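Subject: Structure handover

Hello,

I am passing on the structure we spoke about.

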Amino acid sequence: MILSLGAVVEAVIVCRDVEASAGFHTRAFDLDVIERDGAEVLLGVKGVETGRIRLVPAPAGAETAETAEDPRVWDIGPRLLGMYSRDLDRSVRSIDDAGGRSREPVTYPYGSASLSECVALGSDGVWWTLPKAGAGHRPSPALEGDPDRLHGELHTAVIVPADHEEALRFFTEGGGLTVVFDGEMSGEPFERMIGMPSGASLRLSFLVSADQAPARLEIMSFTGVDAADLSDRPLGLRRVVFAAEDPVSLITALEACGGDRVGEHVVRGPGGIEVELRATPGAAS
């Protein structure tokens with residue numbers, strides 16, 4: 001059996017105020033409250049088992065960081081989450097009305113086609129990327145199940161590591177994911193979309209599991225920017241939970257590629273992201 005991470009079941013956001021964060025995400029993205037577990041809230045699209053967001057309270061002391069500046073997109077660490085949008089102008093209004101800060105949508109070349117996308121800052125310093133859903137977008141059960149829905153489920157989790165190649169090795173050799181896109185992007189559209197300095201560039205690697213089920217993983221790195229290392233920032237995106245048929249073997253493989261074990265089925269990986277493996281039904285644990 002080939003060992004491979006599956007879909008991102010959950011992305012875990014550490015919050016200053018869980019209820020305020022839940023309010024932002026439900027208003028901005030029309031997400032449903034799937035369950036409440038003590039102080040934690042699980043959000044997603046009802047009927048879709050992957051691509052969910054778990055909001056957890058900050059540990060003691062972390063909530064005092066309210067005066068700290070929000071991270072920039074290119075700062076090192078777990079940095080963005082993304083979901084498809086059918087209408088970027090409506091998404092911008094929805095995010096801003098919920099208390100976020102959107103940048104203007106842009107259209108740029110993407111392979112042999114073009115892609116329209118906007119980037120926005122949400123609660124707890126989490127950046128969001130919203131590509132416009134088109135005929136060729138990757139699977140989104142939420143959009144396919146409801147033709148009137150504006151946003152899909154969680155589409156992607158994005159890390160900005162200090163070493164791009166090391167992060168690729170961790171998730172491909174250790175995690176068994178496949179790279180379906182790896183390229184560099186620069187120019188005025190990306191400077192407007194992300195806010196990066198003139199002349200800067202970014203490298204983006206898009207990784208998928210065998211079934212390409214959402215959510216998926218992206219690795220992003222930048223040149224020509226002054227990036228801060230915020231891999232230990234206590235707030236914001238801290239963990240991704242992957243489905244796995246063999247969590248025990250996969251954890252061992254991820255450790256062999258540089259992961260630091262921090263729990264039974266959890267390793268700390270590139271950019272400070274915590275990777276948790278959750279056994280799929282009937283899988284070895």
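Predicted model: local features only at pLDDT ≥ 70, side-chain atom pairs only at ≥ 80, totals over all residues.

The whole chain

The protein chain contains 6 helices and 17 strands. Its radius of gyration is 18 Å, close to the 19 Å that the globule rule gives for 285 residues, so the chain is as compact as a globular protein of that length.

Of the 285 residues, 54% count as buried. The chain exposes about 12000 Å², and carbon and sulfur atoms supply 47% of that area. Among contacts with a separation of 6 or more, 68% are between residues 24 or more positions apart. As for charge, there are 26 positive and 45 negative side chains, and the centres of these two sets lie 3 Å apart.

Strand E9 covers residues 127–131. How many of the residues of E9 are buried? The count is 5 of the 5, so E9 is largely enclosed by the rest of the structure.

E9 pairs with strand E8 (113–121) in the antiparallel sense, over 5 bridges. Within this pairing, Ala120 stands opposite Trp128. E8 and E9 form a hairpin with 5 residues between them.

E9 is also joined to strand E5, residues 77–82, by 3 bridges, and these two strands run parallel. Here the bridge partner of Trp128 is Leu81. Trp128 is therefore placed opposite Ala120 and is bridged to Leu81 as well, with the burial of E9 leaving the strand largely enclosed.

E5 pairs with strand E10, residues 156–160, in the antiparallel sense over 5 bridges. In that pairing Leu81 stands opposite Ala157.

Two residues with positive phi

In general, most residues other than glycine have a negative phi. Asp124 is not a glycine, yet has a positive phi of about 60°. Asp124 sits in the turn of the E8–E9 hairpin. Is Asp124 buried or exposed? Its relative accessible area is 7%, so Asp124 counts as buried.

Asp30 likewise has a positive phi, near 55°. Asp30 is in the loop between helix H1 (18–29) and strand E2 (32–37). At 46% relative accessibility, Asp30 counts as partly exposed.

One exposed proline

Pro109 belongs to strand E7, residues 106–110. With a relative accessible area of 64%, Pro109 is exposed. Which residue lies 76 residues from Pro109 along the chain, with 9.3 Å between the C-alpha atoms? That residue is Met185.

Regards

Conventions. Residues numbered from 1 in each chain as written. Heavy atoms only, no water. Helix = DSSP H or I, 4+ residues; strand = E, 2+ residues; numbered from the N terminus. Buried < 20%, exposed > 50% of the residue type's maximum accessible area, 1.4 Å probe, protein only. Rg over C-alpha atoms; globule rule 2.2 N^0.38 Å. Contact = heavy atoms within 4.5 Å. Areas by Shrake-Rupley, 256 points an atom, 1.4 Å probe, with all protein chains shown as cover. Lys, Arg positive; Asp, Glu negative; His and termini not counted. Charge placed at Lys NZ, Arg CZ, Asp CG, Glu CD. Pairing = 2+ DSSP bridges.
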